[in-house]
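Visitor: Could you walk me through this one? I'd like to begin with the charged side chains and then move on.

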Amino acid sequence: MLYPTQKTPSHQTPPEQTRPLRAVDGYLFLGMPDEALAALADIPPEDHFDAPVMRARIRVLLHLGQWDEADRLAEQGAELHPEENEFVVQRAFALHQMNKGGEAVQVIKEAPAWIRRTGILHYNLACYEAQLGDLGIARECIRAAIEINSAFRKSAQYDPDLQKLWN
């Protein structure tokens, strides 16, 4: 399963967040989620509900397998920052990991129309539908994702959630 790392332009990220958020990205890249979580402690508490900080914390929780907490925080992030599509993707992914594929599909279907036009949502929806056994809808969704962004073609071939489509 994929979820994007949205890059916030550095001019929008306050300086006191820049270094810890870069450290989080680095630690996650190296497979060190506990260290990534510790790096978030360097961000002032008054900034904890800023979109970049919330996205980073959720990514760490997802890497740690803390699905319930990631779901809760992603839902809160989507409410606080409705212009951010990653919260929807992160929440749906957390629900999927908790074997709540139907709820994950519903989260995506209830997302604003502009978010549903992104490739990652179609890709994730294909994964959830494939796991739920609706291979017809899964195929339509993966086609739509690839049409929006051809890079999904390669990912889809190796994604275990989509294996049923290729068997």
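Guide: Let me start with Asp71, which is buried at a relative accessible area of 13%, where buried means under 20% relative accessible area, exposed over 50%, and partly exposed in between (1.4 Å probe, protein chains only). This is a predicted model, in which local features need pLDDT of at least 70 and side-chain atom pairs count only at pLDDT 80 or more, while totals for chains, interfaces and linings use all residues. Residues are numbered from 1 along each chain as its sequence is written, and side-chain values use heavy atoms, with hydrogens and water left out.

Visitor: Which side chain does Asp71 meet in a salt bridge?

Guide: Asp71 pairs with Arg91, at 2.5 Å from N to O; a salt bridge here is a side-chain nitrogen of Lys or Arg within 4 Å of a carboxyl oxygen of Asp or Glu. The two come from distant parts of the chain, 20 residues apart, with Arg91 in helix α5 (residues 86–97) and Asp71 in helix α4. Helices are DSSP runs (H or I, at least four residues), numbered from the N terminus.

Visitor: And Arg91, buried or exposed?

Guide: Arg91 counts as buried, at 18% relative accessibility. Arg91 also forms a salt bridge with Glu75, at 3.8 Å from N to O, and that pair again links distant parts of the chain, since Glu75 lies in helix α4, 16 residues apart from Arg91. Glu75 is partly exposed, with a relative accessible area of 35%.

Visitor: How far apart in helix α4 are Glu69 and Arg72?

Guide: They are 3 residues apart in α4 (residues 67–80), which means that about one helical turn separates them, and their side chains meet in a salt bridge at 2.6 Å, N to O. Glu69 is partly exposed at 34% relative accessible area, and Arg72 is partly exposed too, at 40%.

Visitor: How many salt bridges are there in the whole structure?

Guide: A search of the whole structure gives 6, and Arg55, Glu84 and Glu86 are linked in a network of them.

Visitor: Switching topic, which residues touch the most other members of the largest nonpolar core?

Guide: That core has 39 residues, and Ile58, Tyr123, Tyr128, Ile142 and Leu162 touch the most other members; a nonpolar core is a set of buried Ala, Val, Leu, Ile, Met, Phe, Trp, Tyr and Cys residues joined through side-chain atoms within 4.5 Å. The largest share, 8 residues, comes from α8. Setting aside neighbours within four places in sequence, Leu162 is in contact (heavy atoms within 4.5 Å) with residues including Tyr123, Ile142 and Ala156.

Visitor: What about the second largest pocket, which element gives the most to its lining?

Guide: That is α4, with 4 residues. The lining includes Glu75, Phe87, Arg91 and Pro112, and its residues divide into 7 nonpolar, no polar and 4 charged, where Ala, Val, Leu, Ile, Met, Phe, Trp, Tyr, Cys and Pro count as nonpolar, Asp, Glu, Lys and Arg as charged, and the others, Gly among them, as polar. A pocket, on a 1 Å grid over the protein atoms alone, is an open set of points where a 1.4 Å probe fits, with protein on both sides within 12 Å along at least five of seven lines, and lining residues have an atom within 4 Å of a point.
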